[in-house]
Each structure stands twice: as C-alpha cells, then as structure tokens.
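Here are my notes for your first look through this one. Have the sequence and the model open side by side as you read.

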Amino acid sequence: MCESPETSLSPASASSAFALSVSNLAFAFSSAAALSGCAVAGPLSQVAREVSGAVLLADVSDPGAAAHVASELSHRHGGVDIVVHNAGITRDKTLARMSREQWDQVLTVNLAGVLRITEAILAGPMRDHGRIVCLSSIAGLAGNVGQTNYAASKGGVASYVRALSAELAPRAI
C-alpha cells in the first residue's frame, strides 16, 4: 500500500477511484498498476488537501485491502458516513475469445472489490444513517457485445444493492 497526501494517479487511473468519506476524503484504486505513480502529486491529492482530507491508496483486487481500508477509516477518521464504489475496469472480448484471466480481473475489481469493502466497512467504521453508493452500468441490465464479464459484474452490483438495502434498513443506511 502507498499512503501519502501527495499521492496521485494519471487521469486514466483516476477514473477508477472511489471516495470513502465526505468530510475526510480517502481514495482507493482498482489495480496494482494504478498504484505505481505513488510519488507524483496530482488531482486526487489536491482534492483531499482542499477538504482537509487524507489519501489512502489500496488495490481493491487485493483480498486484504478491505480490512486495511476499514482499519484506516476507523483509526484515522473515527468512521465513515458515505462510501462511493466507483472502481471499475473493462477487458473487452467476445466470450469465446476471452481468457479466464480477463474474466476474473473484471469480476474481481468490479464486483468482488465492492463486496469485500462493503462487508468490511459495515462490520466496522460505517456509521448508522450513512450511505453506500455503488455505481453500476446499463450494461449490467442490457449487456453489450464483447462485454460479458463487465455486464456480469455490473449486473451483480445492481443485484447486490437491491439485496443489501433490505438488510441495512434497520441501520438507516
């Protein structure tokens, strides 16, 4: 993990970011490759500084990242009120030409990352009356040629949100 208020990514990598808190921003990124620019100042660290926040980088495809993110949010900020899951990647190929690795990468980042991080923050730093926003895609409902993995991951996110909403109603999340 790379942690620094001076951390940023290229604009292409920045599109994979998701904010973890409104009053104290933290950012996590979708892949290990995106974390390679850790020492370069840029737009994400600039936003964090403007709101007196902090930057937290984590590879959401790493199974251990969720516990790290939850721990940091608890220790650094005392909890979290809003989580926006925005990390997402594509590996476009028709299903017949798609490798297992391409399938797994997309499902790991786009769906498993959401599930793991949500589970970790709900067990710890997520405050009652908070909000969890999960960005999906119309491709998750209608599909796109060459994006079976992407459609499956985004459809999974949409279904997860519907199922989770009833479970979290008692906490007003």
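1. Start with Gln102, which sits in helix H4, residues 100-123 (helices are DSSP runs of H or I, at least four residues, and strands are runs of E, at least two, numbered from the N terminus). Keep in mind that this is a predicted model: local features need pLDDT of at least 70, side-chain atom pairs count only at pLDDT 80 or more, and totals for chains, interfaces and linings use all residues. Residues are numbered from 1 along each chain as its sequence is written, and side-chain values use heavy atoms, with hydrogens and water left out.

2. Is Gln102 buried or exposed? It counts as buried, at 18% relative accessibility (buried is under 20% relative accessible area, exposed over 50%, partly exposed in between, with a 1.4 Å probe and protein chains only). Beyond its neighbours within four places in sequence, Gln102 is in contact with Arg91, Lys93, Arg97 and Asn149 (contact means heavy atoms within 4.5 Å).

3. Also in H4, Arg100 and Asp104 lie four residues apart, about one turn of the helix. Their side chains meet in a salt bridge at 3.2 Å, N to O (a side-chain nitrogen of Lys or Arg within 4 Å of a carboxyl oxygen of Asp or Glu). Arg100 is exposed at 64%, while Asp104 is partly exposed at 31%.

4. Now the strands: S3 (residues 80-85) and S4 (residues 126-134) pair in the parallel sense over five bridges (pairing takes at least two DSSP bridges). Another salt bridge joins Arg127 and Asp81, 3.0 Å from N to O. This pair links S4 with S3, 46 residues apart in the chain.
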